[in-house]
Amino acid sequence: MTKYIFVTGGVTSSLGKGIISASLAKLLQSRGYRVTIQKFDPYINIDPGTLNPYEHGECYVTEDGAETDLDLGHYERFLNTPTSQANNITTGRIYQNVINKEREGAFLGKTVQVVPHITDEIKRNIRILGESGNYDIVITELGGTVGDIESLPYIEAVRQFRWEIGSSNSLVIHLTLIPFLAAAGELKTKPTQHSVKMLLEYGIQPDILVCRTEHPINQDIRKKIALFCNVNINAVIESIDASTIYDVPLLMLKEQLDKTVLTKLKLSHSTEPDLESWKDFLGRLKNPTSEVRIALVGKYVELPDAYKSITESFIHAGSKNECKVRVEYIPSEQLTPANAVERLRNVHGVLVAPGFGERGFEGKIEAIRYVRENNIPFFGICLGMQCAVVEFGRNVLGLKNANSTEMNENTPHPVIAMMEEQKKIKNKGGTMRLGAYACELKKGSKAAAIYGKTHISERHRHRYEFNNKYLKQYEEAGMIPSGINPDNNLVEVIELKKHPFFVGGQFHPELKSTVANPHPLFVNFVAASLEYARRK
């Protein structure tokens with residue numbers, strides 16, 4: 001029978017439930033168990049696809065095209081296994097499903113209520129992954145903090161679910177904060193006691209407490225927490241601040257979190273965890289032999305979480321190249337023809353980030369012009385690739401006022417536009433290409449050399465495409481469409497012939513970079529930037 005682990009949070013938000021969940025999953029996976037993680041988000045949006053990145057960080061897209069919480073990116077990067085629509089559920093979707101059933105008459109005239117109808121729908125979603133037969137253990141992270149009004153139906157659903165499947169088939173890990181009061185010079189356990197007390201009021205006794213702290217927790221504090229929170233002393237786990245999130249699995253291994261979990265779930269822990277490749281990655285990450293500075297030009301740079309997958313991809317690629325990647329965030333709005341040279345003079349590579357809307361568009365164009373003309377390594381992702389196409393059209397092909405129809409519907413040269421097929425389905429809300437699409441790379445191209453193969457699949461999240469009416473002009477001038485979608489002939493990858501590294505992808509390669517498999521485009525971009533730094 002599939003075992004279930006629930007991760008809740010107390011005292012404050014942003015304690016790192018996602019990292020603890022991913023780290024525990026990594027440890028269990030390294031012992032040979034098949035593990036997946038799902039995230040329940042208590043907001044009423046159907047998914048984070050419509051949320052401003054400043055609200056919620058980046059929107060992470062899965063293989064099957066689900067727009068999800070950025071924590072799913074952590075799950076995939078740690079476990080190296082893809083997630084899906086079933087791994088991220090919001091309150092909005094729960095209520096939508098229940099209301100749709102009510103409209104269809106599924107409840108036979110009964111009064112539809114939070115209990116049992118909403119809680120039943122939550123339990124149904126908890127079971128989906130477990131009943132697939134693909135996993136031994138399902139970890140469910142509950143978003144928000146215990147005590148939030150939005151979280152109450154989830155806590156109640158977990159209480160019911162645990163009662164239904166039996167105590168040895170599930171457990172609850174409660175992540176909490178042990179603050180350090182500088183004036184008193186000591187760690188305080190009272191917030192944790194109150195948080196656990198609140199959980200108990202809702203009918204849930206946590207099995208394990210993971211305590212976030214800036215200072216080590218001594219044995220006396222562990223005893224005190226165990227006594228007042230009604231848990232075993234070996235179930236009080238210290239989670240001290242780490243220099244990188246990739247340290248956390250090894251810190252949790254040292255605290256024997258995985259062993260405690262397996263014991264409580266009555267599962268074998270005789271197989272020692274195999275973490276050699278993880279330690280090898282960490283060793284290279286922490287002992288770089290060189291350093292590069294790469295500019296990330298985007299419109300949401302004030303919040304690094306808006307580009308979480310990109311910055312993590314740089315960490316993976318840096319480790320692969322034994323190189324420290326220093327990412328310099330540059331707001332695209334601030335780039336002008338007058339200051340672009342000054343702002344970008346000291347970097348060794350430029351990545352122009354994805355995004356939607358006109359704000360900062362011209363700044364991205366200026367950044368690309370500078371790196372193209374000065375042979376500085378360039379990598380464009382989604383809108384970044386489209387900006388490269390627009391810049392090349394304006395400054396090389398002489399297409400005055402070339403643009404994307406997203407920015408200017410009346411541009412005389414719509415080099416980026418919405419395809420006719422998409423316009424037809426606009427009313428159905430299906431204008432976006434979401435999820436994995438195939439791509440054929442041209443033999444002999446830089447892209448094919450980077451991937452080491454000609455048939456690839458990458459994830460998308462965009463509406464506008466390269467306008468094939470201009471394809472011949474671009475090719476003749478030296479911008480090569482080196483990747484094409486075989487089904488609809490859309491351009492997926494562009495590159496410049498006479499440039500050390502100038503590659504743009506219509507897709508989001510950062511969504512597929514993991515610790516075990518750093519993405520080849522990032523690895524090669526960092527290598528090219530390193531080569532440029534040496535020449536410089």
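**Figure 1. Salt bridge between E492 and R433.** E492 and R433 form a salt bridge in which the closest N and O atoms are 3.1 Å apart. This pair links distant parts of the chain, since E492 belongs to strand β22 (residues 491-496) and R433 to strand β18 (residues 433-441), 59 residues apart. The term salt bridge denotes a side-chain nitrogen of Lys or Arg within 4 Å of a carboxyl oxygen of Asp or Glu. Helices (H or I, at least four residues) and strands (E, at least two) are DSSP runs numbered from the N terminus. The model is predicted, so that local features need pLDDT of at least 70 and side-chain atom pairs count only at pLDDT 80 or more, whereas totals for chains, interfaces and linings use all residues. Residues are numbered from 1 along each chain as its sequence is written, and side-chain values use heavy atoms, with hydrogens and water left out. Residues are called buried under 20% relative accessible area, exposed over 50% and partly exposed in between (1.4 Å probe, protein chains only). E492 counts as buried because its relative accessibility is 0%. R433 counts as buried because its relative accessibility is 6%.

**Figure 2. A network of salt bridges around K39.** Salt bridges with shared partners join K39, D41, D69, D71 and E141 into one network. K39 meets D41 in a salt bridge of 3.3 Å, N to O. K39 has 6% relative accessibility and therefore counts as buried; D41, at 3%, is therefore buried as well. The side chain of K39 also meets that of D69, at 3.1 Å, N to O. This second pair links distant parts of the chain: K39 lies in strand β2 (residues 35-41), and D69 in the loop between β4 (67-68) and α3 (71-79), 30 residues apart. Both D69 and K39 are buried. The structure as a whole holds 38 salt bridges.

Figure 3. Y95, I99, V114 and V115 make a nonpolar surface patch of about 320 Å². Patches are made of residues with over 30% relative accessible area and no salt bridge, like charges being joined within 9 Å and nonpolar side chains (Val, Leu, Ile, Met, Phe, Trp, Tyr) within 5 Å. Accessible areas come from the Shrake-Rupley method with a 1.4 Å probe, and for residues only the protein chains shown count as cover. At least two residues of the nonpolar patch come from each of α4 (91-104) and α5 (114-130). V114, which lies in helix α5, counts as partly exposed because its relative accessibility is 38%. The peptide bond from V115 to P116 is cis, with omega near 15°. P116 also has its place in helix α5.

**Figure 4. Open sheet of β16, β17 and β20.** The 3 strands form an open sheet with mixed pairing, in the order β16-β17-β20. Its edge strands, β16 (403-404) and β20 (465-466), each pair on one side only. Two strands are taken to pair if DSSP finds at least two bridges between them. Strands β16 and β17 (residues 414-417) run parallel and are joined by 2 bridges. S404 stands opposite I416 in β17.

**Figure 5. Two loop residues with positive phi.** V11 has phi near 75°, a positive value in a residue other than glycine. V11 is found in the loop between β1 (3-9) and α1 (17-30), and it is partly exposed because its relative accessible area is 36%. N230 likewise has a positive phi in a residue other than glycine, near 65°. The loop between α8 (219-229) and β11 (236-240) holds N230, which counts as exposed because its relative accessibility is 57%.

**Figure 6. The chain that surrounds the close-ups.** The chain has 19 helices and 23 strands, and its C-alpha trace spans about 75 × 60 × 45 Å along the principal axes. A compact globule of 536 residues would have a radius of gyration near 24 Å, and the chain, at 25 Å, agrees with this. The radius of gyration is taken over C-alpha atoms, and the globule rule is 2.2 Å times the number of residues to the power 0.38. Of the 536 residues, 57% count as buried. The chain exposes about 22600 Å², of which carbon and sulfur atoms supply 49%. Among contacts between residues at least 6 apart in sequence, 73% join residues at least 24 apart, a contact being heavy atoms within 4.5 Å.
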